[in-house]
Amino acid sequence: MKLLIATTRTQGHRANDFHCGEEGELVRLASVCARDSTPEVNPDGGCGCARSFAGFVTARATTTAMVSEVVMTRDEYIKAMIDAYGFPGIEEEVAAEADYLITLAESLPVGAVLEVRGDEINVRPSEGIA
């Protein structure tokens, strides 16, 4: 199925882009801290969590994720995401996030690069970007 993976593609499109994760690892939405959400969510805040995805393996952040074909079932994906969060009792919330990300990825072509901007996830333009 189509899922989101960390990528360096289109890095530099925004001056505050960063990629601290591992290229190709599965990503989830990063949790937004108080610094980037007070008084409202600010994707250009100093922390960067309101504009990033978090890696399943490294837990490190990136501002870009790419739609990719991954050999994995929904149940395997949800289990991997629960493991990535690292604490129990969040199965329902994680399943909802997983279904959201699956639906999003399935609606886009493989290779599309996405960015998080607060509460929005947008497809980045690919023209003119290294």
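**A walk through the chain**

Start with charge: the chain carries 11 positive and 21 negative charges, and their mean positions lie 6 Å apart. Here Lys and Arg count as positive, Asp and Glu as negative, with His and the chain ends left out; each charge is placed at NZ of Lys, CZ of Arg, CG of Asp or CD of Glu. Keep in mind that this is a predicted model, where local features need pLDDT of at least 70, side-chain atom pairs count only at pLDDT 80 or more, and totals for chains, interfaces and linings use all residues. Residues are numbered from 1 along each chain as its sequence is written, and side-chain values use heavy atoms, leaving out hydrogens and water.

Now the fold. There are 2 helices and 7 strands, and they come in the order β-β-β-β-β-α-α-β-β along the sequence. These are DSSP runs numbered from the N terminus: helices are H or I with at least four residues, strands are E with at least two.

What about overall size? The C-alpha trace spans about 35 × 35 × 25 Å along its principal axes. The radius of gyration is 14 Å, which agrees with the value near 14 Å for a compact globule of 130 residues; it is taken over C-alpha atoms, and the globule rule is 2.2 Å times the number of residues to the power 0.38. Of the 130 residues, 46% count as buried, meaning under 20% relative accessible area with a 1.4 Å probe and protein chains only (exposed is over 50%, partly exposed in between). In the chain, 65% of the contacts with a separation of 6 or more join residues 24 or more positions apart, a contact being heavy atoms within 4.5 Å.

Step inside and you meet the largest nonpolar core, with 32 residues. Such a core is a set of buried Ala, Val, Leu, Ile, Met, Phe, Trp, Tyr and Cys residues joined through side-chain atoms within 4.5 Å. L4, F53, Y77, M81 and L114 have the most contacts inside this core. Two or more residues each come from β1 (2-6), β5 (65-69), α1 (74-85), α2 (91-106) and β6 (113-117), and α2 gives the most, with 7 residues. Not counting residues up to four places away in sequence, L4 touches a list that includes F53, M66, L101 and L114.

Finally, look at N42, in the loop between β2 (27-29) and β3 (53-55). N42 counts as partly exposed because its relative accessibility is 35%. Beyond its neighbours within four places in sequence, N42 is in contact with D36 and A50. N42 and R74 are 32 residues apart in sequence and 31 Å apart in space, C-alpha to C-alpha.
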